[in-house]
Amino acid sequence: MKEGKERKLRVMEGEDLISKLPDALLADIASLLPGAEGVRTSVLSQRWKTVWKHSSRLNFDQKQMLKPLIEHYLQYTNPNKRFASALRRKLREWRSCGWMKKLLGKGVREISMERENHYDLNPYYQDMEYALKDLGQTLDLPFEAFSGFEVLELKNYYLKISPSIDTPQILKCLTFNNVGMSTDNLQKMLSYCSSLENLTLKDCNLIQKVEIDSLSLKVFKICRMSVSGIVVSAANIEVVEIDNVTCYHGRLVLKTLKLQVLCSYHDLKNAPFVNELLKTKEIIETSRGIASPQGSNIGNIFENLVTLRIDLDLKNVRNLIALSFALKSFYHLKNLDINNQVNDDLANHNVGAYDQNEDDCLPFPKILFWQRRELCESINHQLKTLYLKGFTGKEFEVEFVKYIITNAGAMEWITIWFVDVCLWDEVIATVCLLSYPKASTNLFIILKPGKKYMERVGGSFEE
């Protein structure tokens, strides 16, 4: 008892428990810090003096590295060529390729590099713009420096690289954020990355077409890009995420028979070309070979799908038709996550293709749509969770949830988030769902009002 009190007293007096951790764990802690902060841990104690040198990941912010120099010249010089010349000399001292080679020599396996955006510094310094563009932006990387890291993230660079099959490769995770490179160069580079498992492309709008042929790739994400076509041929891929991508849906080909997670997001309000934005309905139709002759002989890529996360307007009949057909292809679907707070009719209205108030696409009243659907394996015996966001309480939405409640025999959780603005009659109609007979005895249903609703009304729906 006395020893326990003494131990507790030592802890209260500031005993350094962290420094007693193993060296490998301390290095992992330092790896989570920004580069400069990681180095600063060397002053904590003798034990920490060299810990940062064994970090598996160093994150150097070029913006912070150049900040003192930039502030000095902005304060003490006029906007002339002397500034650009001095900045050019300074950049030569911090050549990115040299840094990468040195880090590889030190055993660093994860690196994230971001070039300073010159417009964030001062838009009036034209010479500085050219200096940063010529020397700070372009990375002419030897392939061994590129493929020698396990995790590599590049942002705001133009990349030049010559792939080599003779180079040892350990690259597993690659992220390009606003990286410019030719389509041919990207395709060749990926074909030589034999260990690549995770690929993310964000805002890389200089890439005109994405073609991926890889046996090692397991995760592919493409975000905020405009391309002429997407072809993914990856026999072992498990996760595909398409987020606000502009591409004609007939040129989307997914040869991913082991796909387990599919994510599809689209923001119609902020899209520059609404009619060309890939939407969930089009991705489902294309992948099932409905809308694309290229996809007709691929097979059912949804056969092994476990999780589906999508933006889908459940008030749109054509979306419901696509979803109902897809559910028949999901033999192992466990988790369904739908963001209903999108207006797909915005795009349809622009081209005059469809008005959800018309009954021309169904031989019966729309309200009977889910009641007329045939039962399928995924709903009857597989589906366990449904997360529905942006719920408004409209008839189509209520009928869909009712269909799940009364037919999903393995269901465990249904969570519904309402929009902030909803009518009380629609709330009442949704609460009535709780009284329907449940196909699953283990089902829990949770209704969550929006934040503004909570502030205005207070409490919860049940209250």
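Two strands pair if DSSP finds at least two bridges between them. The exercises below apply this and other cut-offs to a predicted model.

**Exercise 1.** Which residue of β14 does Leu 262 stand opposite, and how many bridges join strand β13 to β14?

Solution. 
- Step 1. Strand β13 covers residues 261–265, and β14 covers residues 307–311.
- Step 2. Joining β13 to β14 are 4 bridges, and the two strands run parallel.
- Step 3. The cut-off for pairing is at least two bridges, so with 4 bridges β13 and β14 pair.
- Step 4. In β14, the residue opposite Leu 262 is Leu 308.

**Exercise 2.** Which side chain of opposite charge is nearest to Glu 397, and why is the pair not a salt bridge?

Solution. 
- Step 1. Glu 397 belongs to helix α14, residues 395–407, and is buried.
- Step 2. Lys 315 is the nearest side chain of opposite charge, 4.1 Å away.
- Step 3. A salt bridge needs a nitrogen and a carboxyl oxygen within 4 Å, so at 4.1 Å Glu 397 has no salt bridge.
- Step 4. The Glu 397 side chain does reach the backbone nitrogen of Lys 394, at 2.8 Å.
- Step 5. Residues that Glu 397 touches include Lys 315, Leu 314 and Asn 340.
- Step 6. Lys 315 has a salt bridge with Asp 313, whose closest N and O atoms are 3.1 Å apart. Asp 313 is buried, at a relative accessible area of 1%.

**Exercise 3.** How many salt bridges does the structure hold, and where do the partners Asp 203 and Arg 224 lie?

Solution. 
- Step 1. There are 5 salt bridges in the structure.
- Step 2. In one of them, Asp 203 and Arg 224 have their closest N and O atoms 2.9 Å apart.
- Step 3. Asp 203 is in the loop between β7 and β8, while Arg 224 is in strand β9; the pair links distant parts of the chain, 21 residues apart.
- Step 4. Asp 203 is partly exposed at 22% relative accessibility, and Arg 224 is partly exposed at 42%.

Technical notes: Residues numbered from 1 in each chain as written. Predicted model: local features only at pLDDT ≥ 70, side-chain atom pairs only at ≥ 80, totals over all residues. Heavy atoms only, no water. Buried < 20%, exposed > 50% of the residue type's maximum accessible area, 1.4 Å probe, protein only. Lys, Arg positive; Asp, Glu negative; His and termini not counted. Polar contact = N/O pair within 3.5 Å; in protein donor to acceptor, adjacent residues only side chain to side chain. Contact = heavy atoms within 4.5 Å. Lists of a residue's contacts leave out its neighbours within four places in sequence.
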